[in-house]
Amino acid sequence: MNNFVYDIPVRVYFGENQLSNLGPELARFGKRVLLTYGGGSIKKSGLYDAVVAEIKAAGLELFELSGIAPNPHIASVRRGAEICKEEHIDVLLAVGGGSTLDATKFMAAGACVDFDPWLFLSENAPIRDALPIVTILTLSATGSEMDSGGVISNPETKDKLGRLAPPMLPKVSFLDPTNTYTVSPYQTACGAADIMSHIIEVYFTTEQDLQLLDGVMELLMRTVIKYTPIAMREPDNYEARANLMWTSSWAINGFINGGKRHEWTCHPVEHELSAIYDITHGLGLAILTPRWMEYTLSEATAPKFYQFGVNVFGIDPALPQMEVAKKSIEMLGDFFFNTLGLNRTLSEIGIDERNFPLMAEKACNGGEIRGFVTLTPKDVEHIYRMCL
Ligand code: NZQ
Ligand code: ZN
């Protein structure tokens, strides 16, 4: 195994009735707060009123930026960075799902530079600093509440690009499972597919690593498989929502990575789908992942699929290795498409093959994806076609 550095200094308030800590936490960073949110779900749920009350009670000054779209646009980031500069904002408070949190991270970084924040994504411009970020998560999926990453869309260039940068790590995150009670069954399912994918991207590796980490990943995946259908059936089941929420954070907060160096595969391949067709990230991952697995399964990779099948889906270990491997992929597809009810193909959601060559080139970023199995643009194109 490789050496690694583990450094995730996010203070997490997990559970119900923790909002009384919000005012004092924000006040640690100053008086002027920019509250950011999406299309209004927090107003419907009543969370907006509760948050504003806490900010006022703490004697802080409130500024707002709303309307952050799913697959957040660079225009929101630009506007947020401007507000931070014009209003001398001290701290940003993102309340919402991954889109709101991601956009807010780049606003916080954009506030500290005098160039267009899109350059952080398109040109890898340095992110040396960011204003402090506090989050209140309302959807369990991306793990943005506990990682330093974000993904931003530019509809003009049809790009959707991601970036990690330690200054964008939230200082504090409030994870109250009851804030996810209003998430629809569809978004709950998409969030679950995203969490599964974050683990699968790391789990499927040929690098040697700690058994501990494989065991943790298997438990995280079993947790998603167990609790997502419950949360979809019973939206206010606290145990289910709590398990999904904490799993979303731990799937991507760096812990399970150990020292693995391989690249993620399904994510860059999916981001091209979201970039061009504006589909929900988790849905794209659900459609792609089983096909990517079928494409990468071989005598050489079968042992990892066998481990996945036995330890995550409980397939009989006495069966031949290749049989278990194939069954594990079927069972993952069954979970996404039958249990969670997500669309099975790209055709079903109106996507045809016309953009596949360009998308495959962009997903490979001018080279190859060096993941579990190295993929060229031709391979990626083939995987898109398998999803039709
Ligand atoms: O905008 P509002 O009105 O809040 O509605 C949202 C949105 O329509 C709604 N929603 C959120 N919380 C809700 C709720 N509706 C009812 N009740 C609630 N409590 O759900 C819809 C989707 O929200 P969004 O934030 O887009 O979803 P998600 O959390 O899945 O975020 C997806 C974005 O995150 C990126 C994705 O690419 C995508 O752009 N990712 C970010 C990552 C990261 N930061 O590390 C990693 C991921 O792999 C991912 O790429
Ligand atoms: Zn994801």
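Predicted model: local features only at pLDDT ≥ 70, side-chain atom pairs only at ≥ 80, totals over all residues.
Start with ligand 1. There are 31 residues around this ligand, and those that come nearest are Gly39, Gly98, Ser99, Asp147 and Lys160. Several elements of the fold contribute to the shell: helix 5 (98-110), strand 6 (149-154), helix 7 (185-203) and helix 10 (266-277) each provide at least two of its residues. By residue type, the shell has 20 polar, seven nonpolar and four charged members.

Some side chains can be paired with particular atoms of the ligand. Ser99, already named among the nearest residues, has a side-chain N or O atom 2.5 Å from an oxygen atom of ligand 1. For Asn71, the distance from a side-chain N or O atom to an oxygen atom of the ligand is 3.4 Å.

Now turn to the second largest pocket. Rolling a probe the size of a water molecule over the atoms shows where empty space is left. The second largest pocket holds about 220 Å³ of space. Its lining is made up of 15 residues, and Thr205, Glu207, Gln208, Lys304 and Gln307 are the closest to the centre. Helix 8 (211-233) and helix 12 (302-313) each give at least two residues to this lining, with helix 12 supplying the largest share, three residues. The lining of this pocket divides into six polar, five charged and four nonpolar residues.

How values were computed. Residues numbered from 1 in each chain as written. Chains lettered and ligands numbered in written order. Heavy atoms only, no water. Near = heavy atom within 4 Å. Polar contact = N/O pair within 3.5 Å; in protein donor to acceptor, adjacent residues only side chain to side chain. Helix = DSSP H or I, 4+ residues; strand = E, 2+ residues; numbered from the N terminus. Nonpolar A, V, L, I, M, F, W, Y, C, P; charged D, E, K, R; others polar. 1 Å grid on protein atoms, 1.4 Å probe; cavity = no way out; pocket = protein on both sides within 12 Å on 5 of 7 lines; lining within 4 Å. Points joined across faces, edges and corners; volume = space filled by probe spheres on them.
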